[in-house]
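Please keep the sequence and the structure in view while reading.

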Amino acid sequence: MSRVRQAWPAALLLVALIGIWELYVDLHGDTFSLILPAPHQVAKALYTDRGLLWSNFLVTAKEVLLGILLATAVGVVLAVAIHFSPTVRRAVYPLVVASQAVPVVVFAPVLAFWLGFGLLPKLAVIALVSFFSIVVTTTAGFAMVDPDLIKLMRTFDASRLRTFRHVELPTALPGVFTGVKIAVAVSVIGAVFAEWNGSNSGLGYVILQSLPQLLAARGVAAVVILSVFAIALFSLLALAERIALPWAYHDREERA
Amino acid sequence: MPAKGATTEMIEAPVQEPRELNGGDGSVRVELVSRTFATRRGPVQALAGMSLRAAPHEVVAVVGPSGCGKTTLLELICGLQQPDSGRVQAAAAALMPQRDLLLPWLSALDNAGLALRARGVSREEARTAAAPWLERFGLGRFETTRPAELSGGMRQRVSFLRTLLAGKPVLALDEPFAALDAITRQEMHGWLGHVLESEPRTVILVTHDVEEAVIVADRVVVMSPRPGRAVAEIDVTLPRPRRRTDPAVVELREKALGALGVEP
């Protein structure tokens, strides 16, 4: 019940923003609505183009989910390597940061050249834009390990690997979740950019095709679907975190 | 859950490879040990000529002012550090840290069995071994409870059990009851004496609480301010359980406080 009550401000704000948007477009006439469609036009496009939007959504959703999985695998492996070796940290961290400064537009044609026009180059782009947050937050998670716990494990004759498994990895898991949650939003943008370079399906492709055809409402409808998808993924991850790591929430609730 | 008392002998798990200068019988000898740390503001000498002895199954309390190198002393005994000079001759020791440091994602039972898991014992075997002990420590109903839902006293008992189950002849306790309220602390003193009666170990108990030292220990070693060294030793031969208000306890407490330089 309290959750429903807590959602009221967000719902009101959303309705107000949509109302202002509708008024703004209506005041500027029909020509303007070709550039920025009014909410009612977007709603209409969501309905009339539902078949087209749904089939393309499935393509993008698959890319995003697989891309996030790839990013998580790469991000966690890198974070573990950084955690274990100061040399790796010094060698890899600057490159990890630099990788985020490379515009996807520059990268995508090269990826298409290497990996063709199928699923792989899309996964590469999505993983490239979203692995960064996972590396950073997972590394921060490892840094939260209490040095006294490491000493304790040593007096218990624990090997390095067992200390990692029983103490360090569980400590870092909330960091992994935080990184993936941040990655969700970025990965959707990554998917759109990836589809702008060599594809013939997906919501990014729909957006790219709609704008020059003066079908802006369809393009914005695709954006709305992407946004809802990102929110849904984020919420799902938050739920999974609560179920998988209840102890990480318990402390926070105690304090609240 | 496994039958109560099924594998109690797990506690006597073999002490693995002896450390250099091993006191294999459970004794501890620290002789004229000095230890200096490099810090950002220059070297800090934690210990200067510190000596300490503990016979097998003896409970030795180490009291001293804050920052006198007590924790360094325990880490030397546990082999986590090496002395710059002097000798440390000690049987294998397991640490009980100052904060309980229980793992928040594990149940009380799995926390208690952590030392076994650290040695590669399977989860099921560790649980089987730890369960009867949890029962004995009055925590039988809390097997599946996570640390956040345990009281301070219960957490310390789980933490102590975890160290005990490491199967080492020496227990190095670093201010184990400092974070507890006065009433719980008193309960824990009685409880610890009770446990050590049936499970004798060599115990090095570091504390800044002189009264705790006199009530729990066979012998109290008083340390100087940093750099720490032993300035007095007080034998406590009183029968257990000891009461704070016992005139003999009060007298020894005043004696220890005098050695610390605190006027009565």
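In which sense do strand β1 (residues 28-39) of chain B and β2(B) pair, and over how many bridges? The two strands pair in the antiparallel sense, over nine bridges. The model is a predicted one, in which local features need pLDDT of at least 70 and side-chain atom pairs count only at pLDDT 80 or more, while totals for chains, interfaces and linings use all residues. Residues are numbered from 1 along each chain as its sequence is written, and chains are lettered from A and ligands numbered from 1 in the order in which they are written.

**The sheet of chain B**

Helices (H or I, at least four residues) and strands (E, at least two) are DSSP runs, numbered from the N terminus. β1(B) belongs to an open sheet of three strands with the order β2-β1-β4 and antiparallel pairing; two strands pair if DSSP finds at least two bridges between them. β2 (42-54) and β4 (85-90) of chain B stand at the edges with a single partner strand each, so one side of each has no neighbour in the sheet. From one strand to the next the twist averages 30°. Here axes are lines fitted to C-alpha atoms, for helices over the stretch in contact, and angles run from 0 to 180 degrees between N-to-C directions. Strands of a sheet pair through backbone hydrogen bonds, either parallel or antiparallel.

Within the pairing of β1(B) with β2(B), B:T36 stands opposite B:Q45. Helix α1 (residues 70-77) of chain B packs on the sheet and touches β1, β2 and β4 of chain B. The direction of α1(B) makes about 120° with that of β1(B). Two residues are in contact if their C-beta atoms, placed from the backbone, lie within 7 Å.

Chain B has eight helices and nine strands, whereas chain A has eleven helices and zero strands. The C-alpha atoms of chain B fill a box of roughly 55 × 45 × 35 Å along the principal axes; for chain A the C-alpha trace spans about 75 × 55 × 30 Å. The radius of gyration of chain B is 18 Å, which agrees with the value near 18 Å for a compact globule of 264 residues. That radius is taken over C-alpha atoms, and the globule rule is 2.2 Å times the number of residues to the power 0.38.

A residue is buried if 20 or more other C-beta atoms lie within 10 Å of its own, exposed if 12 or fewer, and partly exposed in between, with C-beta atoms placed from the backbone. Buried residues make up 44% of the 264 residues in chain B and 33% of the 256 residues in chain A. Of the contacts in chain B between residues at least 6 apart in sequence, 71% join residues at least 24 apart. In chain A, residues 24 or more positions apart account for 73% of the contacts with a separation of 6 or more.

**Where the chains touch**

The contact takes 20 residues from chain B and 19 residues from chain A. On the side of chain B, β5 (93-96) and α3 (114-118) each supply at least two residues, and the largest share, four residues, comes from α3(B). The residues on this side divide into 15 nonpolar, two polar and three charged. Ala, Val, Leu, Ile, Met, Phe, Trp, Tyr, Cys and Pro count as nonpolar, Asp, Glu, Lys and Arg as charged, and the others, Gly among them, as polar.

In helix α7 (residues 147-155) of chain A, the residues A:L149, A:L152, A:M153 and A:T155 are buried. Seen down the axis of α7(A), its buried residues fall within an arc of 160°, so they line one face of the helix; the arc is that of the directions from the helix axis to the C-beta atoms. Their cover includes α8 (160-195) of chain A, together with β5 and α3 of chain B.

**Backbone exceptions**

Most residues other than glycine have a negative phi, and most peptide bonds are trans. The table gives some backbone angles that depart from this pattern.

| Site | Angle |
|---|---|
| A:D157 | phi about 65° |
| B:L32 | phi about 45° |
| B:E175 | phi about 40° |
| B:R226 to B:P227 | omega near -5° (cis) |
| B:R240 to B:P241 | omega near -5° (cis) |

B:L32 is in strand β1 of chain B and is partly exposed, with 14 other C-beta atoms within 10 Å. B:E175 lies in the loop between β6 (170-174) and α6 (182-198) of chain B; with 19 C-beta neighbours inside 10 Å, B:E175 counts as partly exposed. B:P227 lies in the loop between β8 (219-223) and β9 (230-235) of chain B, and B:P241 in the loop between β9 and α8 (247-260) of chain B.
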